[in-house]
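I open these notebook entries to record, in order, what I looked up in one structure. The sequence and the model come before the entries.

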Amino acid sequence: MPASEAEPDALTIGRRIRHLRTSRGMTLEELATAIDRAPSQVSTLENGKREPKFSQLQAIARALGASVDDLLSAEPPSERDALEIELERVQRGPLFASLGIEGVRIGKSLPQDALTTILALHRELERLHTERAATPEEARRANAELRDDMRARDNYLPELEQVAKGLLADVGHTSGPLPQRMAAEIAAHLGFTLHYVSDLPHSTRSVIDTRYRRVYLPSQGFRGRSNTRSALLQALASHVLDHTEPAHYGEFLRQRVEANYLAAALMVPEKPGVKFLRDAKDERAIAIEDLRDAFGVSFETAAHRFTNLATRHLGIPVHFMKVHESGILHKAYENDGVRFPADPLGAVEGQHVCKKWTARRVFDVEDRFNPYAQYTDTPAGTYWCTSRVEYTSDGAFSVSVGVPFAHVKWFSGRETTQRLASRCPDESCCRRPPDELSATWADYAWPSARPHASMLAAMPSGAYPGVETTEVYKFLERHAPTG
């Protein structure tokens, strides 16, 4: 923001008062006498430790032969003052405080080159701190913290439910599935026009241009799908929720959860969604496929939405998994006591799921048209789970929803005879090879690991992980309206 448009703070106002006072040859005591204040009070104002009242500014301006605007300018009065203001802000900031060292006294005796050096060192510390915050360790820690928070809230965000309800009311949608046309009306209501293009940057699902109020979507659908409703609503959700560039990986994750949640709440509104599920519960026939078909969403969206509503409205604890065909856990949520594989930080993303769990067994089922259901006995108890395989450009993923044995009575598919026992995390369950194979190959096998990149990568440089910013800017430049 240009200095002329910025809001002045107490530090800048104080430096401008001091600059005008000294340039007029006035002492601190003389200015204090002129405005009928103690010198210590004027010193506090000049040091930026107190915000002056408007009446004080008027009195100071009269005493200095200046205008109030002169005092309220956001521009530091000199290069030296700009450096002092920056250092003062630095020393009051959280990073400097975390170092546990005393700040330097900022005054005339501090050489300007020392000011410049200290600030340069602080900028380098900030860079290193940001770099450390983008390590895989910090990414996994952020994932674990977010999962704990969502578990404590039963994966239910009432504030976002209200936002969705308001948006749907604004466009007159009262019940039933949200059609593509109505999603476009939400965009229009928010002041955006839709533009379907064939050259959307490869690293993006959609791009919003806030300057010209445009939303760009793929003309051929997303990953082969003709319906871009989900991508559109997720993009609009970030705008509605006033998301800004994430400062760290944890903020990026939370923004993604919020955008996905709001989009799902628009496609499966709370009131009709809960009624549908309650009716199914009364009939002891809850099925994720039925929720999917009733609202015209993907199985994954239906599964996510079920976890949002199941505990709060139906009293059913639940868990959710999205697992890559390699066995790597991609996404997970639980409030039913199931124990996901986790690393020492408590993060589950990137961990291998037991081969005997439903989420892994479903890949071996020949019938991919019907859902696969299974009971699994685990050290934490017996769980029933229903799972389906979905295909993406990153490979096949299983999407699974499960509940403790005591709650399976509400679900269609509970009659399955499939049942396995899992001893994981005991390595003898499925991770440790049989002794005979180990004896034959232990000294001769040297595989090269192929981890799922999206699971293990931390936040790369740039605000939006995985997005090539230059590519996006060039795209917007190509499509910007002319004339």
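Predicted model: local features only at pLDDT ≥ 70, side-chain atom pairs only at ≥ 80, totals over all residues.

**Entry 1. The annotated domain.** I consulted the UniProt record, an unreviewed entry, which places the feature "domain: HTH cro/C1-type" at residues 17-71. I then examined that span in the model and found it to be 67% helix and 0% strand. The C-alpha atoms at the ends of residues 17-71 lie 6 Å apart.

**Entry 2. The pair H1 and H6.** I recall that two packed helices are described by the angle between their axes and the distance between the axes. For H1 and H6 I noted an angle of about 145° and axes 10 Å apart. The crossing of H1 with H6 is right-handed. Which residues make the contact? From H1 I listed Leu-11, Thr-12, Arg-15, Arg-18 and His-19. From H6 I listed Asp-81, Glu-84, Ile-85, Glu-88, Arg-89 and Arg-92. By class, the contact of H1 with H6 holds seven charged residues, two polar and two nonpolar.

**Entry 3. The second largest pocket.** I next turned to the second largest pocket, which holds about 610 Å³ of space. Helix H1 (10-23), helix H3 (39-46) and helix H6 (79-92) are the elements that each give two or more residues to its lining. H6 gives the most, with six residues. In total 21 residues line this pocket, and those nearest its centre are Arg-18, Asn-47, Glu-84, Ile-106 and Gly-107. I sorted the lining of the second largest pocket into 12 charged, six polar and three nonpolar residues.

**Entry 4. The cavities.** Rolling a probe the size of a water molecule over the atoms shows where empty space is left. How many cavities of 30 Å³ or more does the structure hold? I recorded two.

The largest cavity has a volume of about 80 Å³. Its lining consists of His-319, Met-321, Val-338, Trp-357, Thr-358, Thr-376, Thr-378, Tyr-383 and Cys-385. Strand S4 (319-324), strand S6 (372-378) and strand S7 (381-392) each supply two or more of these residues. The lining of the largest cavity has no charged residues, with five nonpolar and four polar.

The second largest cavity contains about 40 Å³ of space. I listed Val-362, Val-365, Asp-367, Arg-368, Asn-370, Tyr-372, Ser-387, Arg-388 and Val-389 as its lining. S7 provides the largest share of this lining, three residues. Here I counted three charged residues in the lining of the second largest cavity, together with four nonpolar and two polar.

**Entry 5. Two backbone details.** Is the peptide bond from Cys-424 to Pro-425 cis or trans? I found the bond to be cis, with omega near 15°. Pro-425 belongs to the loop between strand S9 (419-421) and helix H18 (435-441).

What is the phi of Asp-36? I noted a phi near 60°, which is a positive value in a residue other than glycine. Asp-36 sits in the loop between helix H2 (28-34) and H3.

Terms used:
Residues numbered from 1 in each chain as written. Heavy atoms only, no water. 1 Å grid on protein atoms, 1.4 Å probe; cavity = no way out; pocket = protein on both sides within 12 Å on 5 of 7 lines; lining within 4 Å. Points joined across faces, edges and corners; volume = space filled by probe spheres on them. Helix = DSSP H or I, 4+ residues; strand = E, 2+ residues; numbered from the N terminus. Nonpolar A, V, L, I, M, F, W, Y, C, P; charged D, E, K, R; others polar. Axes fitted to C-alpha atoms, helices over the stretch in contact; angles between N-to-C directions. Left-handed = near helix turned anticlockwise from the far one by under 90°. Contact = heavy atoms within 4.5 Å. UniProt positions renumbered as here; feature names shortened; annotations may be inferred.
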